[in-house]
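Thank you all for making the time this morning. I would like to take you through one structure, and I will start with how its terms are used before turning to the chains themselves.

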Amino acid sequence: MSEQQPIPRPPAPSGGPREGRPSGPGGGPRRGKRQYFRKKKVCRFCVEKVDFIDYKKVEMLQPFVQERGKILPRRMTGTCSKHQRWLGLAVKRARNIALLPFATEL
Amino acid sequence: MAERLYDLIFICMPTTPEEEIAKIVSTLEQTASEHGGKVEKVEKWGTRRMAYRVAKQREGFYVYLALHSTQGSLIKELERRLKVTDAVIKYMTVRLDEEIKRQQKLVAHREHRARRRPRKPAAAPAAAPPPGPTAEQQAAG
């Protein structure tokens with residue numbers, strides 16, 4: 001773990017476009033200084049109307065986990081708070097039965 | 001006591017022969033029926049890579065069971081058996097009935113809303129025509 005520390009920022013996986021700062025809600029073009037248009041991220045689980053995130057479906061959880069095994073924050077994936085909560089639970093269960101890593105060893 | 005739903009996953013050593021896994025599953029089924037439970041589904045996922053090393057193994061044979069139980073002691077007994085079995089290197093039981101209940105509630109809620117929503121646009125045109133003719137009749141009369 002201590003060897004891991006010097007790496008400042010692991011590259012974000014396919015979770016979504018990375019921004020320097022978390023975008024505010026909506027963020028309409030009210031300010032003229034806006035440099036680039038930021039697409040509003042939508043919760044993928046809400047779009048697909050998922051009511052239960054299954055911890056057994058690893059391929060479903062994988063996009064929300066970094067390569068090293070960290071759960072990606074909502075500001076990167078755009079997941080709504082309800083689904084992020086369920087997602088966290090599912091990831092933690094999957095970790096327990098070795099479907100997902102706690103931390104990848106190198 | 002209300003019926004409870006559980007998921008039970010266990011991982012065997014990759015070297016375990018098929019017959020032994022079948023034997024483990026059948027003993028689990030037997031203990032389940034003895035303790036007033038029932039194994040609903042058995043899925044053998046086969047040998048797959050584990051995300052981290054367990055018992056010095058990189059791979060493991062995954063077996064998944066879905067079960068009903070009326071007594072909490074059943075899970076205790078099943079886990080004791082799995083712990084004792086040498087071929088089993090990891091197991092996990094998850095209680096799922098409350099989550100499934102919540103899920104059903106959400107589905108019901110959404111269906112309820114979906115049934116309500118189309119009525120509004122449909123109701124507006126239906127309500128609009130009647131005043132027209134009556135107004136004309138009044139004008140004619």
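Axes are lines fitted to C-alpha atoms, for helices over the stretch in contact, and angles run from 0 to 180 degrees between N-to-C directions. Helices (H or I, at least four residues) and strands (E, at least two) are DSSP runs, numbered from the N terminus. What you see is a predicted model, in which local features need pLDDT of at least 70 and side-chain atom pairs count only at pLDDT 80 or more, while totals for chains, interfaces and linings use all residues. Residues are numbered from 1 along each chain as its sequence is written, and chains are lettered from A and ligands numbered from 1 in the order in which they are written.

With that in hand, please look at chain B, which has 5 helices and 4 strands, and whose elements, read from the N terminus, follow the order β-α-β-β-α-β-α-α-α. Its strands form an open sheet of 4 strands in the order β2-β3-β1-β4, with antiparallel pairing, where two strands are said to pair if DSSP finds at least two bridges between them. The edges of this sheet are β2 and β4 (88-95) of chain B, each of which pairs on one side only, and neighbouring strands are turned by 20° against each other on average, direction ignored. Within the sheet, β1 (residues 4-12) of chain B and β3(B) are joined in the antiparallel sense over 9 bridges, and Arg4(B), for instance, has Ser69(B) in β3(B) as its bridge partner.

Two helices deserve attention alongside the sheet. Helix α1 (residues 18-34) of chain B packs on it, touching β1, β2 and β3 of chain B, with a direction at about 135° to that of β2(B), whereas helix α2 (residues 72-84) of chain B lies across β1, β2, β3 and β4 of chain B and runs at about 165° to β4(B). Just after α1(B), Gly36(B) takes a positive phi of about 70°. Glu29(B), which sits in helix α1 of chain B, and Leu65(B) are 36 residues apart along the chain, yet their C-alpha atoms are separated by 9.5 Å.

Buried residues make up 16% of the 141 residues in chain B.

Lys56(B) is in the loop between β2 (37-54) and β3 (57-69) of chain B, and it counts as exposed because it has 7 C-beta neighbours inside 10 Å. Ala98(A), by contrast, follows α4 (81-96) of chain A and counts as buried because it has 24 such neighbours inside 10 Å.

Finally, the interface: 13 residues of chain B are in contact with 10 residues of chain A. On the chain B side, β1, β2, β4 and α3 (97-116) each supply at least two residues.

Notes. A residue is buried if 20 or more other C-beta atoms lie within 10 Å of its own, exposed if 12 or fewer, and partly exposed in between; C-beta atoms are placed from the backbone. Two residues are in contact if their C-beta atoms, placed from the backbone, lie within 7 Å.
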